[in-house]
Amino acid sequence: MEKLNIGIILGSTREGRLSPQVGNWVQELADQRGDANYTVIDLADYKLPLLGENGGDTSGAAAWAEAIAKQDGFVFVVQEYNHSITASLKNALDYLRVEWNNKAAGIVSYGSVGGARAAEHLRGILGELLVADVRVHPALSLFTDFENGADFKPAAVQADSVNQMLDQLIPWSTALKTIR
């Protein structure tokens, strides 16, 4: 059977963001499993102006749609800003519709309270896009999983949480592939 394609989406484009560190860590853990093809998808690599904005350069939209369409599932690396997800992630989600449908997702979040509020907001959006999110949710604390708020040094238990999330994501992604 052909391996699934799982996109690890970095949910921030802000300067000084920590999501590349977290995304690379998730990919390293995931690649050790050998159960899917894991790829980091960085929102910063796509030109996506505000959806519906007049005169915006939408040259990245086709590449964004293509990158998402070829995935069977996702891991969203979500940071909490003002109790929610970033504007860039919301905008990127809104750019597409059918490319998201009938796929599964896991969420790895971080923030002062582990990014829990951002993860909960994301769950509602994913439901509307017909993305089934799994229950296990690694929540990273800016206080205990990042040194000086900048260098990612996750507690050992976090790797177990990521693997438990992937243990749910892979079978859900496999099952949903059958209805696409």
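User: What are the ground rules for the values?

Analyst: The model is predicted, so local features need pLDDT of at least 70 and side-chain atom pairs count only at pLDDT 80 or more, while totals for chains, interfaces and linings use all residues. Residues are numbered from 1 along each chain as its sequence is written, and side-chain values use heavy atoms, with hydrogens and water left out.

User: How many helices and strands does the protein chain have, and what makes a run of residues one or the other?

Analyst: Helices (H or I, at least four residues) and strands (E, at least two) are DSSP runs, numbered from the N terminus. The protein chain comes to five helices and eight strands. Their order from the N terminus is β-α-β-α-β-α-β-α-β-β-β-β-α.

User: Why does the radius of gyration of the protein chain agree with that of a compact globule?

Analyst: The radius is taken over C-alpha atoms, and the globule rule is 2.2 Å times the number of residues to the power 0.38. For 180 residues the rule gives a value near 16 Å, and the protein chain has 15 Å, which agrees. Along the principal axes, the C-alpha atoms fill a box of roughly 45 × 40 × 25 Å.

User: Why is Q79 called buried, whereas E28 is called exposed?

Analyst: Buried means under 20% relative accessible area, exposed over 50%, and partly exposed in between (1.4 Å probe, protein chains only). Q79, in strand β3, has 2% relative accessibility and therefore counts as buried. E28, in helix α1, has 52% and therefore counts as exposed. Over the protein chain, 49% of the 180 residues count as buried.

User: Why is R117 called partly exposed?

Analyst: The relative accessibility of R117 is 30%, so this residue counts as partly exposed. R117 is found in helix α4, residues 116-128.

User: What makes the pairing of Q79 with Y110 a polar contact?

Analyst: A polar contact is a pair of N or O atoms within 3.5 Å; within protein, one must be able to donate a hydrogen and the other to accept it, and residues adjacent in sequence count only if both atoms are side-chain atoms. The side chains of Q79 and Y110 are joined by such a contact at 3.2 Å. A polar atom of the Q79 side chain also lies 2.9 Å from the backbone oxygen of G11. The side chains of R117 and H83 likewise form a polar contact of 3.2 Å.

User: Which residues is Q79 in contact with, and what does contact mean?

Analyst: Contact means heavy atoms within 4.5 Å. Leaving aside neighbours within four places in sequence, Q79 is in contact with G11, S12, S19, S84, I85, T86, Y110 and A118.

User: How do you know that the span of α4 agrees with expectation?

Analyst: The expected span of a helix is 1.5 Å times one less than its number of residues. The 13 residues of α4 should therefore span 18 Å, and the end C-alpha atoms are 19 Å apart, which agrees. Helix α5 (residues 156-177) has 22 residues and reaches 32 Å, close to the 32 Å expected.

User: What makes a group of residues a nonpolar core, and which members of the largest one touch the most others?

Analyst: A nonpolar core is a set of buried Ala, Val, Leu, Ile, Met, Phe, Trp, Tyr and Cys residues joined through side-chain atoms within 4.5 Å. In the largest, which has 29 residues, V22, W25 and V75 touch the most other members. The elements giving two or more residues to this core are β1, α1, β2, β3, β4 and α5. Helix α5 gives the most, with seven residues. Apart from this core lies another, of 27 residues, among them I9, I41, L96 and L122.

User: Why is L130 called partly exposed, whereas N82 is called exposed?

Analyst: L130 has a relative accessible area of 48% and is therefore partly exposed. N82, at 75%, therefore counts as exposed. L130 is in the loop between α4 and β5, and N82 is in the loop between β3 and α3. Although not a glycine, L130 has a positive phi of about 60 degrees; N82, also not a glycine, has a positive phi of about 50 degrees.
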